[in-house]
Amino acid sequence: MKDLYQGQRAMRNMRRQAMQRGVIAVLDIGTSKIACLVLQFDGPSQFRETDGVGPMAGQSNFRVIGTATTRSRGMRYGEIETMAETERAIRTVIQSAQKVAGTRVDHVIACISGARPASYGLAGEITLPSGKVTETDVARVLASCDVPDFGRGREVLHAQPVNFAIDGRSGLSDPRDQSGSRLACDMHVLTIDGDAAGNLVHCIRRCDMELAGVASASYAAGLAALVEDEQELGAACIDLGGGTTGVSVFIKKHMIFADAVRFGGDLITQDIAKGLRVSYAVAERLKTLHGGLEATGRDDREMIELGGSTGDWDTDRRSVSRADLIGIMRPRVEEILEKVGEILEAAGFDCMPARQIVLTGGSSQIPGLDVLASRILGQNVRIGRPLRIQGLPHNATAPGFSSAIGLALLTAHPQDEWWDFDMPAEHYPARSLRRAYRWFRNNW
Amino acid sequence: MQGLNPFHRGHGDGGRPAPVRHVPARPAPALNRAPRRDPAPSRLAYRLNRMMLRPLVRRLVHIGLPAFLAAMVAGLWLSDETRRANLTGGINAIVDRIQHREEFMVKMMTIEGASPVVDKGLRAMLPVDLPASSFDIDLEKLRERVLKLDAVEAVDLRIKPGGVLSAVVTERVPVVLWRHARGIELLDKTGHRVASVTSREVRGDLPIIAGEGADLAAPEALALIDAAGPILPRLRGLERIGERRWDLVLDRGQRIKLPEDKALQALERAIALDRAQDMFERDIAVIDLRQEARPVVRLGLEAQNAIRRARGQPEIGPDGKPVEAAGKSGGKSTKKSG
C-alpha cells in the first residue's frame, strides 16, 4: 500500500504541475478508438459574476482546444494486447491533437476500460481522542479500513471515501470539525489488473508523456453521462464500448460500484461478419448504417446491398433484409445486457432508491436499444449523451466520447481519494527522519 | 436466412436468364495495390514534431534559420570585391539617374534685393555649377553660409518649379560709421558690421562713433544721436570711453561726458540747459554729467584767462602754466589792455 500511496501522490503532483502550466491532455484508450482531448485551463476568471456562471464544479475554468480520434490498434477487451501497435496509435492521436491545439502537451491523464476491475466496499472505525474530527482523524479513519486480500498483481485504481458516520449519524460527506466520539467511514476501492495498468503506463511513457493520472473508464463515463440528480439519487451508467461494457453505480455523487463485462460492440460486428459472411469492415458499416434491435414488418422489405470486393460477382451483389441484420444483432445485444443485469444484481442495484439506468458509449447509438434495455434491465432507462463542455467540437459530442469527456470533468474537479489525505504519522516508515527527531527530542 | 444465399436472389421474377459473362482465360491479376501507409508517425517524426511545438525551437526555425540563411547568402555573395563594387555602382547609377532627371534640375538662380557686391558673393557661394540637380544643393547649408556674409541680414532660399533657385536677400542698412584702431566700418542699427570703408568721406551722411566696444552699444549711440536734435549740426561724433560710457563730442573741442546709465536723460538735461542758458555757445571745454546730482563744467582757456585778468592774476597758457615769456607778450598784450 505504501508504493501505491507514493505512486498516486506522485501522479497528483504531476497533475498539479500540469494545471499550473495550463495544458493537459486526456486520453481515452478504448478498444475501437482512441480519443484525445487537449484541455486548456484558463483559470476561473474567464466568466464574470454577471454572466450567471458559477464555478460549475470546475467545468467553467477549462476548455477543449484540441480533439483527435484514431482507430485503436493492438487493443482487446480494453487492455493492451500489442504494445508497439498501441504505442503507435497513441502517438498518432497525440500528434494530431497537438496539431489541432497548436501547443505541445506534456501531461496526460488516461483512462482504462478493461483490466478486470473489481469493486470493494471497505469500512473503518476509530475513536476520536479530542472529541472532534480533525484532518488527521479523517486520514486515520481512512487508514484504519481493513483491507481485504485483493489478490496477486492487483492495483488500486480508485480508493474514494464515500460515506462518513459519527456516533451513528451516517451520510456525512465532510465530517471535519464535527464533534463526536467515534468516526466511521465507508470507502470504495476499485482494483484492476496490475499488469494491464503497467502496460498502459509503459505505453504512455514511451510516447514521452508524463502520466498525471489514471481513472477507470466506466467511472469517467458515469461522470459525463449522468446528470447531477441521477448521481445524487442513485443511478447506474452502462458504457457500451467496443471491447468492454463498463458498469458504474453512483449514489450521493459517489461511485459505489464499478465493473466491466468483456463483451462489446465489436462482438456484434463479429457476429454480423460471421453470419452474413462479409468482411469485418462491411459488417461494421452495416451495423452502423442499418443496424437496429426492434424488427418491424417494414424491415422485411428493406433490402440492404451487402457490397464487398471479393471479386465474385454473385457474392458481391448479395443483399439481405434489415430484419436479417436485426436478427443477428439482437441476440448479442440481449446477451450483453443480460450480463450487465447480472452485474447490477450482484451489486445490489435493486436495493437502490432510484433505479435509473443510463446507457452511453458508442454502441448505445443502436436504434431501439432503450426499448430492449428497459425490457431487460428495468423501466428507468435512457440513452445518455455526455455533458457539453466548452470548446468541444460537434463531432466529439457523440455518446462514444463520454469517457473522454468524463475524464476531462474529473481532471477539472477531482474526486477526493484516499491518497489526497496525509498519511497518518504512525504509518511512516520506521526509519523516518521525523521519528528519529521525535525520539531525540523525547530522550534529551 | 433470406437473401443470404445468392441463388435465391430475385426469385420473384421466375426464369430470368443469367447475365452473359465473358470469363477471362485466367483470373485477372490482383491489383497490386501499394499497402496502405501507416498513419502513425515514427518515433523520430513524433519527437521532432513535439520539439517543433516548443515555442523557442519554433521561433528559431521559423525566423532564426531563414534570417541566418539570408544573411549567410548575402555575406557570401558580397565577400567578392568586384561584386560589391558592381552593386554599389549599380545603386549609385540608379540614384544618379533619378536625381538628374529633367524635373529635378536647377538651371538658373535669381537673386532679389541684393546689391551687386552681395549678388556676386552669393553666386560665388553656390557649391555647384548650374545646371545642377536639386539633390546636390543643400539649401540649409547654403543659407547658413550666406548668412555669414556681414551685409546680409536674412535670406530666403527656395527652389521654384521650372528649375529656378530663388534667393530673396534682405541686406543690412548701414546707419552709423565706427572708427576704431583698425579702420572705419559701417554698422547697421543693431551694431552689426556691414562693410569697411576706406575713409569717412565715403559716407559723409552717417554719424560717426569711435572707441573700442562702440559697436556693441551702437543702439544706445543711435538713440543718443536721435536725442541730440538741436545740437546735431555741431555734433562731431560719439566716443566710447572704457567700453562703458559715451562721450558726446561737439565741434570747437567741446565734450559732453555722459554717465554709464541713464545717458539719454543726462543728455536731455544738458540740451535743456543749453536751451535755457545757451550753454554750449559759451567757452566751455567739458560738461561732465557723470554724476547726476552734480554736473561739472570745465571752462575753456579764454574764459579762464578772462577771469584771471579780472582778478589781476597772470594768464595761463594751454599747458596750464602762467604766461611770462616776453616773446609771447605781444599776443597777450591785447587781452591785458582789454
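# Close-up views of a predicted two-chain model

**View 1. Chain B and its make-up.** Chain B holds nine helices and 14 strands. The coordinates shown here and in the following views belong to a predicted model. Of the 338 residues in chain B, 16% are buried. Taking the contacts in chain B between residues at least 6 apart in sequence, 45% join residues at least 24 apart.

**View 2. The contact between chain B and chain A.** On the chain B side, 15 residues are in contact, and they meet 18 residues of chain A. The chain B residues that touch chain A comprise eight nonpolar, three polar and four charged residues.

**View 3. The five-stranded sheet of chain A.** The strands of this open sheet follow the order β3-β2-β1-β6-β11 in chain A, and their pairing is mixed. The edges are formed by β3 (62-71) and β11 (210-216) of chain A; each has a single partner strand, so one side of each lacks a neighbour in the sheet. From one strand to the next, the twist averages 20°. Helix α13(A) packs on the sheet and touches β1, β2, β3, β6 and β11 of chain A. The direction of α13(A) makes about 145° with that of β1(A). Helix α4(A) lies across β1, β6 and β11 of chain A and runs at about 150° to β6(A).

**View 4. Strand β1 of chain A and its two partners.** Strand β1(A) spans residues 23-29, and seven of its seven residues are buried, so the strand is largely enclosed by the rest of the structure. A:V23, A:A25, A:L27 and A:I29 point one way from the strand, while A:I24, A:V26 and A:D28 point the other way; all are buried. With β2(A) (residues 33-41), β1(A) runs antiparallel, and seven bridges join the two. With β6(A) (residues 107-112), β1(A) runs parallel and is joined by five bridges. Here A:A25 stands opposite A:V108 of β6(A), and A:I29 stands opposite A:I112 of β6(A).

**View 5. Helices α2 and α4 of chain A.** Helix α2(A) (residues 83-101) packs against helix α4(A) (residues 194-206) at an angle of about 50°, and the axes are 9 Å apart. The two helices are therefore oblique to each other. Their crossing is right-handed. From α2(A), the contact draws on A:M83, A:T86, A:E87 and A:I90; from α4(A), it draws on A:N199, A:H202, A:C203, A:I204 and A:R206. By class, the residues of this contact are four nonpolar, three polar and two charged.

**View 6. Helices α5 and α13 of chain A.** Helix α5(A) (residues 217-225) and helix α13(A) (residues 402-412) have axes that come within 7 Å and cross at roughly 85°. The helices are therefore roughly perpendicular to each other. The α5(A) side of the contact consists of A:A217, A:A220, A:A221, A:G222, A:L223, A:A224 and A:A225. The α13(A) side consists of A:S402, A:S403, A:I405, A:G406, A:L407, A:L409 and A:L410. This contact has ten nonpolar, four polar and no charged residues.

Definitions and conventions:
Residues are numbered from 1 along each chain as its sequence is written. Chains are lettered from A and ligands numbered from 1 in the order in which they are written. This is a predicted model: local features need pLDDT of at least 70, side-chain atom pairs count only at pLDDT 80 or more; totals for chains, interfaces and linings use all residues. Two residues are in contact if their C-beta atoms, placed from the backbone, lie within 7 Å. Ala, Val, Leu, Ile, Met, Phe, Trp, Tyr, Cys and Pro count as nonpolar, Asp, Glu, Lys and Arg as charged, and the others, Gly among them, as polar. Axes are lines fitted to C-alpha atoms, for helices over the stretch in contact, and angles run from 0 to 180 degrees between N-to-C directions. Helices (H or I, at least four residues) and strands (E, at least two) are DSSP runs, numbered from the N terminus. Angles under 35 degrees count as roughly parallel, over 145 as roughly antiparallel, 65 to 115 as roughly perpendicular and the rest as oblique. A crossing is left-handed if the near helix is turned anticlockwise from the far one by less than a right angle, and right-handed if clockwise. A residue is buried if 20 or more other C-beta atoms lie within 10 Å of its own, exposed if 12 or fewer, and partly exposed in between; C-beta atoms are placed from the backbone. Two strands pair if DSSP finds at least two bridges between them.
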